[in-house]
Amino acid sequence: MTTRPQEPDLASLKGRTVSVQEILDLFQVRVRDHRTVHRISQALTDAGLTTLPDFAVCALRTTVDVVPLAAVPAQRTPADTGDEADATDEALPSHALPQRLLLGDIPSARRGVVSVGPGTPLPQTTFLMRTKGLSQIPVTTGMAQVHGVVTWGSVAKMYEAGKEATLDNAMEKDSLPVADARQEFFAALPVIREHGYLLVRGDDGCLSGIVTAVDVTERFEGAARPFFIVGDIESLLRRCLGAALDTETIKAVQTNRRPEHRTGQVTDLMFGDYLRLLDGDQTRQSFAEQADRNWEALKWPNMPREQFIGLLKRVKDIRNRIAHFDEKPLPPEMIDELTTFAKVLRAFAS
């Protein structure tokens with residue numbers, strides 16, 4: 001639940017550079033979603049403030065400038081173009097997109113490190129790697145000094161060279177892949193690709209985590225997969241609606257545009273438009289009545305409309321969470337909801 005700060009606390013932000021996390025803490029918000037983002041944005045607006053870049057689409061550790069609202073050029077808002085436009089359906093402007101992805105934004109870079117000391121017997125080290133499911137383990141003194149890294153590859157090289165099986169002989173010691181958590185993530189990818197891992201130092205100079213090739217794959221699968229599923233859902237919806245509805249029907253729900261800019265093209269619909277086209281329980285009576293006719297035009301006699309609209313609203317909420325660049329991956333149950341809805345649509349679209 002969002003807690004609105006006192007006016008002096010809000011006013012004290014003016015002219016400061018703060019992290020997104022500090023803003024969320026001020027409002028006692030744990031997770032950003034379209035509701036909490038709206039409430040925080042409204043409170044900042046009421047105080048005559050805004051952030052550059054937009055706090056809603058930045059990673060938690062990203063810093064933003066809190067500036068007077070009057071200092072930012074006015075942008076055209078949905079209120080300028082229609083009385084029922086949904087701002088969360090608008091495409092994100094380029095200046096609002098996340099500016100940098102840092103190594104520290106990858107969860108494993110801040111998760112901590114399992115390490116051993118220089119005097120640890122090699123069998124104990126490899127046993128720890130097996131039981132913890134680790135492909136590498138650093139040899140450290142106090143997490144600040146890194147003596148080397150034991151990997152399964154370095155152990156194999158030791159045996160191939162006929163060396164004595166000791167921790168010192170099993171370590172990789174030269175050109176260790178180490179980087180600062182504040183380094184840009186994409187600049188570090190070649191190192192991760194070459195070594196298979198990257199040791200990450202936190203703000204205090206001590207090891208804070210390890211980023212592996214598996215972590216990179218998981219991070220981007222979790223971030224990219226929902227985008228593609230939502231894109232598939234929109235494509236299927238447009239295919240179904242475009243085949244059943246005429247141009248004037250589509251123009252009628254494009255209230256986010258000025259009349260002369262309403263194309264009537266299904267490819268120009270935004271997610272809120274799908275609900276305006278199909279939801280018979282919406283508050284605007286004229287839309288609700290037309291939605292009944294639109295549903296009949298789809299000729300889906302075996303599709304339970306109430307459940308379909310409920311799922312469509314749920315997908316819209318998940319889509320908004322994605323659009324606000326929540327750095328936490330979607331929970332598996334949300335991905336399952338998206339996948340299920342896409343399957344249902346695909347069966348009726350074919």
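**Ground rules**

The model is predicted, so local features need pLDDT of at least 70 and side-chain atom pairs count only at pLDDT 80 or more, while totals for chains, interfaces and linings use all residues. Residues are numbered from 1 along each chain as its sequence is written, and side-chain values use heavy atoms, with hydrogens and water left out.

**The whole protein**

Let's start with the big picture. The protein has 13 helices and 9 strands. Helices (H or I, at least four residues) and strands (E, at least two) are DSSP runs, numbered from the N terminus. Of the 350 residues of the protein, 42% count as buried. Here, buried means under 20% relative accessible area, exposed means over 50%, and partly exposed lies in between (1.4 Å probe, protein chains only). A contact means heavy atoms within 4.5 Å. Among the contacts in the protein with a separation of 6 or more, 58% are between residues 24 or more positions apart.

**Helix H4 and its partner H5**

Two packed helices are described by the angle between their axes and the distance between the axes. For helix H4 (residues 122–132) and helix H5 (residues 152–160), the axes come within 12 Å and cross at roughly 145 degrees. These axes are lines fitted to C-alpha atoms, for helices over the stretch in contact, and angles run from 0 to 180 degrees between N-to-C directions. The crossing of H4 and H5 is left-handed, a term used if the near helix is turned anticlockwise from the far one by less than a right angle.

Which residues make the contact? From H4 come Leu-122, Thr-126, Met-129 and Arg-130, and from H5 come Trp-152, Val-155 and Met-158. By class, this contact has 5 nonpolar, 1 polar and 1 charged residues. Ala, Val, Leu, Ile, Met, Phe, Trp, Tyr, Cys and Pro count as nonpolar, Asp, Glu, Lys and Arg as charged, and the others, Gly among them, as polar.

H4 also has two sides to look at. Leu-122, Thr-125, Thr-126 and Met-129 of H4 are buried. They cover an arc of only 90 degrees around the axis, which puts them on the same side of H4; the arc is that of the directions from the helix axis to the C-beta atoms. On the other side of H4, Pro-123, Gln-124, Phe-127 and Lys-132 are exposed. The cover over the buried residues of H4 includes strand E4 (136–141), strand E5 (145–151), H5 and helix H6 (167–170). Just after H4, Gly-133 takes a positive phi of about 70 degrees.

**How the strands pair**

Strands of a sheet pair through backbone hydrogen bonds, either parallel or antiparallel. Two strands count as a pair if DSSP finds at least two bridges between them.

| Strand pair | Sense | Bridges |
|---|---|---|
| E2 and E3 | antiparallel | 4 bridges |
| E4 and E5 | antiparallel | 6 bridges |
| E5 and E6 | antiparallel | 2 bridges |
| E7 and E8 | parallel | 3 bridges |

Strand E2 (residues 49–52) has a covered face, Leu-49 and Thr-51, and an uncovered one, Thr-50 and Leu-52. Leu-52 stands opposite Asp-65 in E3.

E4 and E5 form a hairpin with 3 residues between them, and Gly-142 in the turn has a positive phi of about 65 degrees. Because 5 of the 7 residues of E5 are buried, E5 is largely enclosed by the rest of the structure. Val-149 has Glu-172 in E6 as its bridge partner.

Not counting residues up to four places away in sequence, Gln-136 touches Met-129, Val-149, Val-150, Thr-151, Tyr-197, Ile-210 and Thr-212.

**The three-stranded sheet**

An open sheet of 3 strands has the order E7-E8-E9, with mixed pairing. Strand E7 (178–180) and strand E9 (207–212) stand at the edges, each with a single partner strand, so one side of each is left without a neighbour in the sheet. The twist averages 30 degrees from one strand to the next. Helix H7 (residues 185–195) packs on the sheet and touches E8 and E9, and its direction makes about 130 degrees with that of E8.
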